[in-house]
Amino acid sequence: MLLNKSKIFFILFLSFLVGVFFRSLFQINIWLIWFLVVLGITIFILNYRNKKVITFSLAICIFLLGIWRIDFNIKNTENIPTFDKEINIVVNIIKEPEQKEWYQNVIVELEKNKRLLVRADLYEDLNYGDEIKVICKPEIPQNFSADFDYRMYLAKDNIYYICPKPIVEKTGNKKKNIYSFVLNIKNKMEANVNRVIPQPEAALANGLLFGGDEGLSKKLQEAFSKTGMTHIVAVSGYNVTIIAEYLMIFGILLGLWRRQAFYLALFGIFLFVVMIGFPSSAIRAGLMGSLLLWAMKNGRLANIDNAILLAVVVMLVVNPLSLRWDIGFQLSFLATLGIVKMSPIWEKYFVGKMKALGLADIILMTISAQIFVLPIIIYNFHTLSVVSLLANILILLIIPITMLFVFLSALSGFIFYPLSLAFGWVAYWLLHYEISVVKILASLEWSSLEVNNFGVIGLIIWYGLLFWLVCFISKTDNKEI
Amino acid sequence: MRNKKVIYSSLIFLFFMSIALGFIIFSLKKNKDIKVVFLDVGQGDAILIEEGSNQILIDGGRSGRTLLEKLGENIPFWDRKIETIIVTHPDADHYGGLASVLDNYEVKNIIKTDAVKENKEWKNFEEKIIDENLENVKSIYGMNIIFANETRLQTIYPFGKVENAKDSNENSVVMRLDFGENSFLLTGDITAKIENLLVNSGVDIDVDVLKVAHHGSKNSSSDSFLKATSPEDAIISVGAKNSYGHPHKDVLEKLKNRLIRIWRTDEDGDIVYTCRNINEKCQVY
C-alpha cells in the first residue's frame, strides 16, 4: 500500500472518528488507554524513520484524542445534581421556541452550558431573546422508551433539565441583535406564506424552505414518515443543494462566471443557515450541501472522502455526542456518503456526470441515499417504508419548482400582495399534489412494515455489505484508470 | 440548454394556468350548495357550515394545528375569510384551536356568550379578539343568521343573560340550523338538565340530525330529549381513545335502541352533509 498525503490525512481523521465512536459505545478502561499510549510511543521510537510507522503511532494518538474529547462531554452528563426546590428565575430565551402541537419548547440557560428546557403553553407569545420569568422545579429528563435515549438527545445540546409544567411569564421584550433581526425576516416570510396558502400546504411550504415538520399535525407527520418523505421537510443537504443550484442559475443569468456563481451559491447557503437560526442540523446540511456542490462542480463526486471526513471531524470536535445520540447527524452524514460512494456505479452505467436536477439523477441519488440510511431508520424507528422509493420519485422531481414558487411568494409578500397570491396559488397546487401523494400512499395498509428484530446485528451486516461493495467499486474503478 | 428551456416554459405555463384556474374558481363561487361538516379534530367540537364562499365555524377543537388543516381541506384554497365564528362555551376543547384561526384567516364576526373562564388561555383568547378588531356579537336568544337561500341558523339557548355560572357546560350555546326540509340541532356541551329545560320550553327541537351533547357523555342525551328531538342521525364529535371515556356506552345503547344512525368523528373522520336543494335530503359523505 502506498501512503500518499491524502491517504495519511484520511487515516488520521478516521482515527478521530473511530475514537469518538468507541467511547460513545463503551466505557473504556484507563489501562487500555495507557497501554495504547505506551504502544504508540514504543512503535514510534523503534521505527521512527518509517512513514507507515509514524502514521500508525499518530493514528493511535488521534484515536485517543477522540476518546478524550467525547469523554469530557459524557462526564458532564453524569452526576447531574437534582433540584429539590422550585426555582424562580428571570432569564432570556436563547433559541427560537419550537412550536409543537400542544406546547412549545423554550430553551433558557441556568448557568453556563447548563440549559433548561421549559415546556410553555402555546398561547404564550414567546420569541428568541425575550426575557421571561420561570417558576418550576427542574427535573432531569427521563427516558420513556428503551429505544430512544431522550436524556442524551437533550444532553448533546447541553440541556440537562426540563420543566414540564412551569409557570411562565413574559417580563421583557426582545433583546435586539443581528440574529433576532434575521429570525424576524424568516418569521415574516413564513407569515407571508401562511397568508396566501392554507394549511397543511403552508406548513409543508415552510418546512421545505426553512426546515422542520413542526407545522404539520401529528397525523400528517406520521404519513410523511410512513412514506419515507420526512427528509424533504428536514433541513438536509438535499434542500440546501437545491437552493444552491438555484442561486447558481440565478448568478449565471445575472452574467456571472460559473466560478463566481458558485461562490454566490456558497454565500447563499451561509445566509440560509444563518436565517433559520444556526441549528446544528442546518450547519450540517450547509456543510454537506456545499461539499456536494463543490464536488459536482469539479465533476469528481467520488473523490471527496477527505472533505466529508474533515467536515464530520470538525462537527464532532464541536459536539462529539452527536455521533451516537443525534439521528439527524447520522442520517445526514450517511446520505451524503451514499450519494458520493454510489455515484461511480451510476455514472458508469447510467447517466454520465451527476448534475442533481434531472429525473434519472434524482432517482439514483434517492436510491443511493436510501441504501445508506435505511438501516439507521429501521433500527431506530422499527419501520421500513415500502412505498418510499415510489413516493420519492413522484414527489422529488417537483420539489425544486415548489420551493421556487414558495420562495417567490414569500418574498413578493413584502412588496405586492396580489403577486404573492399568484405565486402562492401555483405553489399551492404543487404542495397539494405532494401532500395528496403522501396521504394516499400512507393510507395503503402495506405502505410500511414493522421490523422489530433488526438490532445491532442487522446494522453490522448491512453496513458490512455496503463497505465491501464500496471497496469493490473503488477497486474496479482504480483498475480502469 | 434544452433542459433549461423545458423548466422555464413549464414555469410560465403553470403560472398562467393558475391565473386561469383562479378565474374559473371565482366564477364557481356562486355555488349554492350548503355543506355542514363535523370536523374530526380529536377530542372536542368543531362544526363548519359553508355556503359557497361564506363560512360559519362553530367551535374549534383543542388544537390549532389540526383545526387549520381541517379548514384547509374543507374551505376552497383561495378563500381566506371566515364570516363568523361561534364559541358555544369557554372550554378548551371548544375554543382552543380558534386562536390560530384568528391568526391565519380574516374573521369578520365572533359570537359568544358572556361566560368566561378564569384562566390565562381564555384571557389571551379574549385579548386576541380585541386585537383583531372583530365585531364581538353576544349570543342572544332567538338570534337568527339568515343565509342567501333560505338557510337559517337560530340560537335557542341560553334563554337570557348568562350569569357567570361555575359550570360552563350549562351555559353552552345551542343552535338550530334549517335548510328547507333539513334540520340540525347543535347542542354544545349541555347537560341533561338543560336538555329538559329545552324539552319543556316549547321551542321546536324536532330535527333530522342531532349533534349529541357533550361528546356522548353519560350526563347528557336523556331519553326525553332524544324523544323530543327524534333525530334520524346522531353525530358524536369525539377523539379516539380519549381519557374521558366518551362516548358512554349507555348513550350509544340509547341511540341504537331508537334506531338512530350514529356517526362518530373518531371512526368516520369528517362527517360532511351536502345539501343541494331545499326539497332534498342532505347527503352524508
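Cys61(A) has a relative accessible area of 46% and is therefore partly exposed. Cys471(A), at 33% relative accessibility, is likewise partly exposed. These values, and those that follow, come from a predicted model.

Other cysteines are paired. Over all chains, the structure contains 2 disulfides. One of them is in chain A, where the sulfur atoms of Cys136(A) and Cys163(A) lie 1.9 Å apart. The link is right-handed, with 50 degrees about the S-S bond.

In chain B, a disulfide connects Cys275(B) and Cys282(B), with an S to S distance of 2.1 Å. The link of Cys275(B) and Cys282(B) is right-handed, with 105 degrees about the S-S bond. Cys275(B) and Cys282(B) are both buried.

The contact between the two chains was examined next. The size of an interface is often given as the accessible area lost when the parts come together. For chain A and chain B, the buried area is about 2,700 Å², and carbon and sulfur atoms give 63% of this area. Of the area that chain A buries against chain B, 24% is supplied by Tyr123(A), Gln199(A) and Trp425(A), more than by any other three residues. In terms of residues, the contact involves 34 from chain A and 25 from chain B.

Polar interactions across the interface were also counted. Between chain A and chain B there are 3 salt bridges. One of the salt bridges is formed by the side chains of Lys120(B) and Glu124(A), with an N to O distance of 2.7 Å. Polar contacts across the interface of chain A and chain B amount to 13 residue pairs, with both residues at pLDDT 80 or more.

On the side of chain A that touches chain B, two or more residues come from each of strand 7 (167-172), helix 5 (178-196), helix 7 (218-226), helix 9 (237-253), helix 17 (399-412) and helix 18 (417-443) of chain A. Helix 18 of chain A gives the most to this side, with 8 residues. By residue class, the side of chain A that touches chain B consists of 21 nonpolar, 5 polar and 8 charged residues.

A loop position in chain B was examined separately. Val41(B) is located in the loop between strand 1 (34-38) and strand 2 (47-51) of chain B. The relative accessible area of Val41(B) is 7%, and the residue is therefore buried. When residues up to four places away in sequence are not counted, Val41(B) touches Ala46(B), Gly61(B), Thr66(B), Leu67(B) and Lys70(B). Asp270(B) is 229 residues away from Val41(B) along the chain, and the C-alpha atoms of the two residues are separated by 8.5 Å.

Methods:
Residues are numbered from 1 along each chain as its sequence is written. Chains are lettered from A and ligands numbered from 1 in the order in which they are written. This is a predicted model: local features need pLDDT of at least 70, side-chain atom pairs count only at pLDDT 80 or more; totals for chains, interfaces and linings use all residues. Side-chain values use heavy atoms; hydrogens and water are left out. Contact means heavy atoms within 4.5 Å. Buried area is the accessible area (1.4 Å probe) that two parts lose on being put together, summed over both. A salt bridge is a side-chain nitrogen of Lys or Arg within 4 Å of a carboxyl oxygen of Asp or Glu. A polar contact is a pair of N or O atoms within 3.5 Å; within protein, one must be able to donate a hydrogen and the other to accept it, and residues adjacent in sequence count only if both atoms are side-chain atoms. Helices (H or I, at least four residues) and strands (E, at least two) are DSSP runs, numbered from the N terminus. Ala, Val, Leu, Ile, Met, Phe, Trp, Tyr, Cys and Pro count as nonpolar, Asp, Glu, Lys and Arg as charged, and the others, Gly among them, as polar. A disulfide is a pair of cysteine sulfur atoms within 2.5 Å. Buried means under 20% relative accessible area, exposed over 50%, partly exposed in between (1.4 Å probe, protein chains only).
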